[in-house]
Amino acid sequence: MIAVYTTVPELHEQASELADRLGLPLLDAPDLKLDDPYPMLLQLSEQGVALCATGKKRPGPVYVNFISGASAHRRQFGGGKGQLIAKACGLSGSARPRIADLTAGLGGDAFVLASLGCEVDMVERVPVVFELLNDGIQRGRDQGSDEEKMILSRMHLTHLDAVSWCRQNTGVADVIYLDPMFPHSGKSAQVKKEMLAFRSLVGADQDASDVLAAALEAKPRRVVVKRPRKAPAIDGVKPTYSLEGKSGRFDIYALRKLD
């Protein structure tokens, strides 16, 4: 269960509209040390919209932030077109394919691809995640540098499920990118707070094979699927080839040559 709250009187009307839009209760003054009945809260403050876990050992709030923190660091020092994701999506020379990220999540991969010059259609089906992502994009467009605003202008967000998007947008994207949520084994190192909150909200993507099938039928030039390094490929058509990194890999389904 999740609810909306704000401690800023001037934002109460905006918080009420957000709660109505999501069909969630609006709380006046929740006790963040308690996690019953709301283990997650959506907080509205001057800093934007944040996902907050409750309970005594809760992590801090999770915002989508494209102008500082991890996104800014990755843009400046991540390796540019040398990154594995760029190679997987076919960025080479002056080629900048139009990419549809059908599992937009918190927007990290989409921002990298947009920072490298690609137009990126971002599709997110979970309403709360869509609100977090939309808030981060709007804040970046309002507060970012000219360069950051230009990058964010190439990111186009849609609230829709992936299969429906594919059926409505056949032939639109050169590359369709998927990063389905893989079930957490509990054996890996401590998950970052962003992913911990995200996993608890979204859960594993049980329809990954259906999404892959729809992506292949949408007539892109290639489909790229991000996977944990030792995870099996998604059920269905076998990938044409894979690019493997230290902790993950990209399965590539090459359908037609990229221009």
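This is a predicted model: local features need pLDDT of at least 70, side-chain atom pairs count only at pLDDT 80 or more; totals for chains, interfaces and linings use all residues.
Residues are numbered from 1 along each chain as its sequence is written, and side-chain values use heavy atoms, leaving out hydrogens and water.

Select residues 12–22 for helix α1 and 127–143 for helix α5; their axes come within 10 Å and cross at roughly 140°. (Helices are DSSP runs of H or I with at least four residues, strands are runs of E with at least two, and both are numbered from the N terminus; axes are lines fitted to C-alpha atoms, for helices over the stretch in contact, with angles from 0 to 180 degrees between N-to-C directions.) That makes α1 oblique to α5, the word for angles that are not under 35 degrees (roughly parallel), over 145 (roughly antiparallel) or 65 to 115 (roughly perpendicular).

Now show side chains. Leu18, Arg21 and Leu22 in α1 meet Pro127, Val128 and Glu131 in α5, with contact meaning heavy atoms within 4.5 Å. By class, that's four nonpolar, no polar and two charged residues. (Ala, Val, Leu, Ile, Met, Phe, Trp, Tyr, Cys and Pro count as nonpolar, Asp, Glu, Lys and Arg as charged, and the others, Gly among them, as polar.)

Next, follow α5 to helix α6, residues 146–153: the two axes come within 8 Å and cross at roughly 145°. This time the crossing is left-handed. Pick Ile137, Gly140, Arg141 and Asp142 of α5, then Lys149, Leu152 and Ser153 of α6, to see the contact. Its classes are two nonpolar, two polar and three charged residues.

Last stop: a pocket. Which residues lie nearest the centre of the second largest pocket? Select Gln14, Leu44, Gly48, Val49 and Asp135, which are among the 18 residues lining it. Elements giving two or more residues to that lining are α1, β3 (40–45), β4 (48–53) and α5, and the largest share, seven residues, comes from α5.

Conventions:
On a 1 Å grid over the protein atoms alone, a cavity is a set of points where a 1.4 Å probe fits but cannot get out, and a pocket is an open set with protein on both sides within 12 Å along at least five of seven lines; lining residues have an atom within 4 Å of a point. A crossing is left-handed if the near helix is turned anticlockwise from the far one by less than a right angle, and right-handed if clockwise.
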